[in-house]
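Q: Here is a model to go through. For each label put on it, please set the value against the cut-off and say what follows.

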Amino acid sequence: MEKAGWVRRTDDPRDRRVYRVSLTPSGRSLWSRTYPLYRDAIASVTRGLEEKDLRIALRTLGQLSGAAEDWARAEG
């Protein structure tokens with residue numbers, strides 16, 4: 001994204017291990033064009049699901065993701 005000119009990476013003045021990433025004007029333009037499409041796609045995919053069910057699904061996916069990361073670290 002940095003090479004494409006959408007974000008700018010700068011050093012954090014308080015911590016040399018950290019980079020600060022911010023959107024460039026080009027990145028903001030891309031975001032304003034693509035975010036509505038993303039939002040509409042998510043709404044379409046989740047249409048008809050209860051909010052409670054979505055929260056459960058997100059929590060479960062988070063647990064699976066964490067377990068997969070743990071497994072990959074143990075294997076690698």
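Q: Why does Arg17 count as exposed?
A: The model is a predicted one, and in it Arg17 has 73% relative accessibility. Exposed means over 50%, so Arg17 counts as exposed. Arg17 lies in strand 2.

Q: What makes the pair Arg17 and Asp15 a polar contact?
A: The two side chains come to 3.0 Å. A polar contact needs N or O atoms within 3.5 Å, and the pair Arg17 and Asp15 is therefore called a polar contact.

Q: How do you know that strand 1 and strand 2 pair?
A: Pairing needs at least two bridges between the strands. Strand 1 (residues 7-12) and strand 2 (residues 15-23) have six bridges, in the antiparallel sense, so the two strands count as paired. Within this pairing, Arg9 stands opposite Val21 in strand 2.

Q: What joins strand 1 to strand 2?
A: A hairpin does, through two residues.

Q: Why is Asp12 called buried?
A: Asp12, which lies in strand 1, has 8% relative accessibility. Buried means under 20%, so Asp12 counts as buried.

Q: Which residues does Asp12 touch, not counting residues up to four places away in sequence?
A: Asp12 touches Val18 and Arg20. With Arg20 there is also a polar contact between the side chains, at 2.9 Å.

Q: What makes Asp12 and Arg14 a salt bridge?
A: The N to O distance between their side chains is 4.0 Å. The rule asks for a side-chain nitrogen of Lys or Arg within 4 Å of a carboxyl oxygen of Asp or Glu, and the pair Asp12 and Arg14 is therefore called a salt bridge. Asp12, Arg14 and Arg20 are linked in a network of salt bridges.

Q: Is Arg14 buried or exposed?
A: Arg14 has 70% relative accessibility, and because the cut-off for exposed is over 50%, Arg14 counts as exposed. Asp12, at 8%, counts as buried.

Q: Why do Arg9 and Glu2 count as partly exposed?
A: Arg9 has a relative accessible area of 43%, and Glu2 has 39% relative accessibility.

Q: Why is Thr24 called buried?
A: Thr24 has 9% relative accessibility, and because buried means under 20%, Thr24 counts as buried. Thr24 lies in the loop between strand 2 and helix 1 (25-46).

Q: What surrounds Thr24, leaving aside its neighbours within four places in sequence?
A: Thr24 is in contact with Gly5, Trp6, Val7 and Arg8. The backbone oxygen of Gly5 lies 2.5 Å from a polar atom of the Thr24 side chain.

Q: How do you know that the span of helix 1 is close to the expected one?
A: Helix 1 has 22 residues and reaches 31 Å from its first C-alpha to its last, against the 32 Å expected at 1.5 Å a residue.

Q: Where does helix 1 bend?
A: The bend is at Thr34, by about 35°, and the proline Pro36 follows within four residues. Just after helix 1, Gly48 takes a positive phi of about 90°.

Q: What makes Asp70 and Arg73 a salt bridge?
A: The closest N and O atoms are 2.6 Å apart. That value meets the limit of within 4 Å, so the pair Asp70 and Arg73 is called a salt bridge. Both residues lie in helix 2 (residues 51-75), three residues apart, about one turn of the helix.

Terms used: Residues numbered from 1 in each chain as written. Predicted model: local features only at pLDDT ≥ 70, side-chain atom pairs only at ≥ 80, totals over all residues. Heavy atoms only, no water. Buried < 20%, exposed > 50% of the residue type's maximum accessible area, 1.4 Å probe, protein only. Polar contact = N/O pair within 3.5 Å; in protein donor to acceptor, adjacent residues only side chain to side chain. Contact = heavy atoms within 4.5 Å. Expected span 1.5 Å × (residues − 1). Bend = angle between axes of the 7 residues up to and from the residue.
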